[in-house]
Amino acid sequence: MLPIELQLRDLPDLYARFSNLVGAGAWTRVSKERRQAIKGNRFLSDYYASECAIPFQLTALGRLVEEYGRFLPDGDSLRPLYPACAFMGQALHLLETWPREDAGRLRRRIHGALDKSEDMRGLRLEFAAATHFTSRGWRVGWPELLGVQGEAFD
């Protein structure tokens, strides 16, 4: 079952595991590129803050983990990072429970989603729907695991 609750005390460990499986370079590269683009055109700031929220939040979380280690600051300062924490927890659960080949495909999808905001929106919607349905006790089938070819709906 996908996680429906995360504990703040677990975030450093979750971040380390997620970073190990996906590679922090995937989101730090995107964050760096978008911040450079903002420096070149300040009018892109609001646009990228919205479109690249997850890579920016993961980068910020990484800095906090690096600075504070296992004991992150209080929850209120982490509140803006909750969307990335939820994404990380959901993705990590699937990456660690799916068969290796399928987890590799999901890892590539995550890399693509970190770079393309429309892919991130789609992946987050899938995660949110799966979390909702599993929390109600329903089984969720993923086309990637069922061997469905072509266009499919989760």
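The structure holds six aromatic pairs. Rings of Phe, Tyr and Trp (its six-membered ring) pair if their centres lie within 6.5 Å; planes under 30 degrees apart count as stacked, over 60 as edge-to-face and the rest as tilted. This is a predicted model, in which local features need pLDDT of at least 70 and side-chain atom pairs count only at pLDDT 80 or more, while totals for chains, interfaces and linings use all residues. Residues are numbered from 1 along each chain as its sequence is written, and side-chain values use heavy atoms, with hydrogens and water left out.

One of the pairs joins Tyr15 and Trp27: the ring centres are 5.9 Å apart and the planes stand at 70°, so this pair is edge-to-face. Tyr15 belongs to helix α1 (residues 11-22) and Trp27 to helix α2 (residues 25-40), twelve residues apart, and the pair links distant parts of the chain. Helices (H or I, at least four residues) are DSSP runs, numbered from the N terminus. Tyr15 and Trp27 are both buried; buried means under 20% relative accessible area, exposed over 50%, and partly exposed in between, with a 1.4 Å probe and protein chains only.

Phe133 and Trp138 form a stacked pair, 5.1 Å from centre to centre with 5° between the planes. Phe133 is partly exposed, at a relative accessible area of 32%. Ring pairs also link Tyr15, Phe18, Trp27, Phe87 and Phe127 into a cluster. Elsewhere, Arg35 lies over the face of Phe56, at 4.1 Å from the ring centre. A charge sits over a ring if NZ of Lys or CZ of Arg is within 6 Å of the ring centre and within 35 degrees of the ring normal.

Axes are lines fitted to C-alpha atoms, for helices over the stretch in contact, and angles run from 0 to 180 degrees between N-to-C directions.

| Helix pair | Angle | Axis distance |
|---|---|---|
| α6 (residues 82-97) and α7 (residues 100-115) | about 155° | 9 Å |
| α6 and α8 | roughly 70° | within 11 Å |
| α4 (residues 53-68) and α6 | about 90° | 8 Å |

Angles under 35 degrees count as roughly parallel, over 145 as roughly antiparallel, 65 to 115 as roughly perpendicular and the rest as oblique. Helices α4 and α6 are therefore roughly perpendicular to each other. On the α4 side the contact is made by Ile54, Gln57, Leu58 and Leu61, and on the α6 side by Pro83, Ala84, Cys85, Phe87 and Met88. Contact means heavy atoms within 4.5 Å. These residues divide into eight nonpolar, one polar and no charged. Ala, Val, Leu, Ile, Met, Phe, Trp, Tyr, Cys and Pro count as nonpolar, Asp, Glu, Lys and Arg as charged, and the others, Gly among them, as polar.

Towards α7, residues Phe87, Ala91, Leu94 and Leu95 of α6 meet Ala103, Leu106, Arg107 and Ile110. That contact has seven nonpolar, no polar and one charged residues.

Towards α8, residues Pro83, Phe87, Gln90, Ala91 and Leu94 of α6 meet Met120, Leu123, Arg124, Phe127, Ala128 and Thr131. By class, the contact of α6 with α8 has eight nonpolar, two polar and one charged.

Asp119 is found in helix α8 (residues 117-135). Asp119 is partly exposed, with a relative accessible area of 36%. Leaving aside neighbours within four places in sequence, Asp119 is in contact with Gly112 and Ala113. The C-alpha atoms of Asp119 and Arg109, ten residues apart along the chain, are separated by 8.1 Å.

Conventions. Helix = DSSP H or I, 4+ residues; strand = E, 2+ residues; numbered from the N terminus.
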